[in-house]
Amino acid sequence: MSMKKILAVDRYESNLNIYNRVLSPNYSLMINPEPVAALGLLRNEPVDLLIADYSLPATGDITGKPFVIEAHSTQPSMKIVLTTSPVLSSDKESLEGVLAQLKGMGLEFAHLPKPINEETLAAKVRELIGE
């Protein structure tokens, strides 16, 4: 059986390093810090799971749709782990509003607050796509 494919998209190298360390032993992991390039990859490569920060813009333009909405439209059956910044995660009211808004757009996802806990990351990924 082939390894499940994960695409991790994040602007911060420290988070990408965590994804690599935790996930690459058991999954086929693709890492990309650029949302535009990641969207191109998603249009051509089936992915089982996307890990992405909610605040990533799809086009580099803050007024654009969030990256995760664009990514979901390319592969609607793909599972998503949505990460949020410590600032947003600490503001419970704003966080709940953002998550509710995304769910209202039809996006299904698991939420993972930053800073990323490696055990929680591994557990969420196993829960969504198995080993």
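## Charged pairs

Let's start with Arg 21, which makes a salt bridge to Glu 118, with 2.5 Å between the closest N and O atoms. Arg 21 sits in helix α1 and Glu 118 in helix α6, so this pair ties together parts that are 97 residues apart in sequence. Glu 118 counts as partly exposed because its relative accessibility is 32%.

Keep in mind that this is a predicted model. The average pLDDT of the protein is 86, and 88% of the residues score at least 70. Among the elements, strand β1 (residues 5-9) has the highest mean pLDDT, at 97, while helix α4 (residues 86-90) has the lowest, at 62. Where pLDDT is low, the predicted coordinates should not be read in detail.

How many salt bridges are there? The count comes to four. Here are some of them:

| Pair | Closest N to O |
|---|---|
| Arg 21 and Glu 118 | 2.5 Å |
| Lys 114 and Asp 10 | 2.9 Å |

Now for Lys 114. A network of salt bridges links Lys 114 with Asp 10 and Asp 53. Lys 114 forms a salt bridge with Asp 10. Lys 114 is in the loop between β5 (110-113) and α6 (118-129), and Asp 10 is in the loop between β1 and α1 (13-23), so the pair ties together parts that are 104 residues apart in sequence. Both of these residues, Lys 114 and Asp 10, are buried.

Asp 53 is buried, and so is Lys 114.

Notes. Residues are numbered from 1 along each chain as its sequence is written. This is a predicted model: local features need pLDDT of at least 70, side-chain atom pairs count only at pLDDT 80 or more; totals for chains, interfaces and linings use all residues. Side-chain values use heavy atoms; hydrogens and water are left out. pLDDT is the predictor's confidence in each residue, from 0 to 100. Helices (H or I, at least four residues) and strands (E, at least two) are DSSP runs, numbered from the N terminus. A salt bridge is a side-chain nitrogen of Lys or Arg within 4 Å of a carboxyl oxygen of Asp or Glu. Buried means under 20% relative accessible area, exposed over 50%, partly exposed in between (1.4 Å probe, protein chains only).
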